[in-house]
Amino acid sequence: MSYADIILPVPLNSLFTYAIPTDMAESVAFGKRVLVSFGPKNHYVGIIVRLHDNKPTTYKVKPIEQVLDDTPLLLESQLRLWQWIADYYMSPIGDVYKGALPAGLKAEDGYKPRTETYIRLTLPYQNEPTLHVALNMLARAPRQQEAFISYLTLSGWDNISSEEWRNDCAEITREELMNASGTDSSTINQLVKRGLLETYEVEVGRLNLNTEPHLENIKPLSDIQQEAYNQILFSFMKKDVTLLHGVTSSGKTEIYIHLIMRELEQHRQVLFLMPEIALTVQMMERLQRVFGNRLGIYHSKYSDAERVEIWQKQLSGNPYDVILGARSAVFLPFQHLGLIIVDEEHETSYKQQDPAPRYHARSAAIMLAKLYNTDASTPAPKVLLGTATPCMETYHNAKTGKYGLVELTQRYEGIELPEIQIVDTKDLQHRKMMNGPFSPLLLARVREALERGEQAILFQNRRGWAPMLECKQCGWVPRCQHCDVSLTLHKSMNQLTCHYCGYTYQIPTECPACGCKQLQGRGYGTEKIEDQIRDILPEARISRMDLDTTRTRNAYERIISDFSSGRTNLLIGTQMISKGLDFGNVSVVGIISADGMLNQPDFRAYEHAYMMIAQVSGRAGRKGKRGLVILQTKNPDVSVIQQVVHNDFKTFYNDMKSERSAFNYPPYCHLIYVYMKHKKDDVVETASRELGARLRQWFGSRVLGPDKPTVSRVKTLSIRKLVLKLENGIDMPRVRQYLALAQEQMLQDKRYASLQVYYDVDPL
Ligand code: ADP
Ligand code: ZN
Ligand code: ZN
């Protein structure tokens with residue numbers, strides 16, 4: 001063979017052909033990485049996917065410069081999945097390659113591991129007397145003193161002797177310290193300059209590598225669980241995909257463990273997908289106790305080095321038998337895959353939003369299983385989807401027989417599902433009975449729980465202090481200069497933040513519109529909830545879990561382990577706490593407000609609200625006794641609230657089903673969103689109209705828009721969106737061809753040279 005087709009990490013949907021120099025003829029092979037030059041000055045690491053003898057006629061072929069691997073890094077089954085993702089989600093194969101391979105395997109000249117900066121006390125100050133000297137020294141620099149004390153608290157100084165502390169102090173990142181103390185990096189730098197603190201770098205994810213786990217015996221299943229287990233195995237004989245619909249705390253995880261065990265006994269591998277990092281900590285510990293070092297873990301908070309190691313191990317003669325991972329784990333190589341478990345299959349974080357490929361890991365997992373073998377004599381791996389609240393599409397597929405369906409309607413040991421009490425906050429506000437965002441009932445129940453030595457969770461799906469700042473007099477609201485959104489107030493950091501682009505702003509002292517000095521936060525974020533509950537329940541030991549408090553992997557683990565060990569007894573959080581966490585002692589869950597979820601302008605709003613409420617509620621009363629949920633809302637009569645209170649998933653599903661069918665939404669059609677972005681609003685406006693018109697020629701009334709999306713400018717780019725509603729059974733490959741053609745024709749127009757066009761297929 002004299003030519004090789006290569007995938008390069010560029011956003012283009014084609015393979016590139018390079019010549020194979022004679023001295024490399026022996027070393028080239030499918031799946032090996034090569035170094036090639038591209039364009040006048042770029043060098044890339046590409047991957048060989050085909051060898052052939054067809055000389056390209058339209059351009060001059062360059063030679064491969066170097067073959068980087070002795071053995072292939074990619075299996076054929078992986079490439080089949082890449083290809084499917086590229087086609088189905090309309091993302092360039094180069095983007096799929098970029099998203100699939102760990103960074104360390106794509107870099108041209110080695111790679112720099114990502115590191116985090118940690119802070120520690122310098123040696124001279126690691127004892128009581130000198131520490132007091134230091135504190136006195138800082139008396140005249142209150143900000144530095146505050147930051148310094150924060151560091152001591154976080155590292156555990158104030159509750160253990162300095163001796164113990166030296167052996168076992170908590171490792172603190174600079175970021176954590178800044179978040180906790182509300183200081184900036186210059187204050188911390190001053191402390192470093194004074195020689196009190198010092199910084200050190202640690203590769204992201206390298207800390208806290210668990211040592212030899214203590215193995216535990218697998219727990220025997222209860223009769224009901226055993227029956228579900230048998231049904232699943234039976235279902236696998238007939239269907240490739242099976243849904244395990246089991247209420248929260250019914251023991252789905254225990255069933256997974258038995259299923260995994262069975263695969264391992266038959267020398268097959270298992271891929272266990274989880275939606276988010278927050279859960280992997282607990283799930284990791286649970287699986288590690290059973291599978292020990294046969295379990296490998298793979299997700300984005302792990303270091304590149306670790307991810308490269310796992311990738312290579314999976315190709316070796318001694319791979320992990322079980323991989324627990326977030327969505328990108330579908331891209332790992334597997335040599336004997338037997339089963340894929342997608343836990344919490346309804347989770348929207350399974351869908352990658354940005355950058356491309358915008359794929360759904362559940363669909364990718366199903367396709368991975370389907371495309372895994374080409375040889376018909378070996379059975380395809382099976383897929384088990386598990387959840388207490390299936391998403392509409394999955395449940396529909398299970399009900400119509402496309403997937404198998406196994407149900408578990410009882411919690412382990414017959415404990416009842418939590419009682420959900422609705423509190424009508426509109427009425428209470430009217431009667432001036434609310435204490436900030438809290439109703440008297442909620443406060444009373446939380447207080448009682450804590451007094452009994454139990455724990456409570458407060459859920460509010462907004463982070464920060466207040467979702468917006470508002471002028472009391474004229475109603476002016478500060479907005480992001482780069483995005484079409486209002487800014488969120490973060491009090492501990494003393495700034496306004498854009499949750500779309502991350503840009504931060506000073507808090508204005510007066511309203512630029514009317515000069516009024518009274519600017520007030522409107523609404524409640526988790527930060528404010530925490531602050532207010534501290535005043536009301538000063539004896540509570542509180543921790544908060546949201547994006548702001550969990551920037552590092554350590555922070556996650558610490559918050560979760562503090563709460564499970566009882567060091568804290570009141571956990572406040574966003575949707576991060578709604579998922580899969582298993583705490584035995586939580587008797588009360590408070591949902592501060594369900595209204596934000598209900599009022600989303602989206603056809604999935606009720607579906608998401610149902611899932612969220614049911615999942616958060618599921619954290620209450622898991623061991624030994626029935627839990628209580630206080631659900632605060634201004635809309636107590638909305639159907640979905642009633643359905644979730646009565647745990648009536650079937651009625652909920654039927655309601656949704658008739659609505660979706662009447663208005664033609666998934667699962668009764670396919671949706672594709674076409675997004676266009678450009679710096680200039682008028683350019684994107686005309687471009688989107690033109691593209692809309694072109695598409696209408698072929699697709700007629702299946703095309704809706706263009707419209708401005710709810711947030712119509714992000715990071716200085718204006719956005720337009722076209723919607724394609726395609727009936728089930730339509731020839732999708734053809735649809736994609738037409739879309740690609742229309743895009744190509746558009747982009748030939750010079751005016752649109754810098755227009756970005758991309759697709760969101762099966763949007764959430
Ligand atoms: P789910 O995954 O459905 O939410 P879990 O598997 O987390 O449920 O089970 C809830 C709790 O009950 C866990 O603490 C789990 O250890 C316990 N549990 C469930 N099934 C069993 C069993 N067969 N034997 C012992 N404990 C069990
Ligand atoms: Zn004003
Ligand atoms: Zn912004």
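Keep in mind that the model is predicted.

**Stop 1: ligand 2.** Select the zinc ion (ligand 2) and show the side chains of Cys 471, Cys 474, Cys 511 and Cys 514. Each coordinates through SG, at 2.2 to 2.4 Å. Now check the angles among the four donor atoms: they run from 105 to 113°. The site is tetrahedral.

Stop 2: Is Cys 511 buried or exposed? Its relative accessibility is 1%, so Cys 511 counts as buried, the cut-off being under 20%.

**Stop 3: ligand 3.** Select the zinc ion (ligand 3) next. Which residues donate to it? The protein donors are Cys 480, Cys 483, Cys 498 and Cys 501, each through SG. They lie 2.2 to 2.4 Å from the zinc ion (ligand 3). Along the chain, these donors follow C-x2-C-x14-C-x2-C. Angles among the four donor atoms span 107 to 113°, and the site of ligand 3 is tetrahedral.

**Stop 4: Cys 498 and Cys 501.** Cys 498 counts as buried because its relative accessibility is 1%. Click on Cys 501: at 23% relative accessibility, this residue counts as partly exposed.

Terms used: Residues numbered from 1 in each chain as written. Chains lettered and ligands numbered in written order. Predicted model: local features only at pLDDT ≥ 70, side-chain atom pairs only at ≥ 80, totals over all residues. Heavy atoms only, no water. Donors = N, O, S within 2.8 Å, 3.2 Å for Na, K, Ca; no water. Tetrahedral: all angles 85-135°; square planar, octahedral: opposite > 155°, others 65-115°. Buried < 20%, exposed > 50% of the residue type's maximum accessible area, 1.4 Å probe, protein only.
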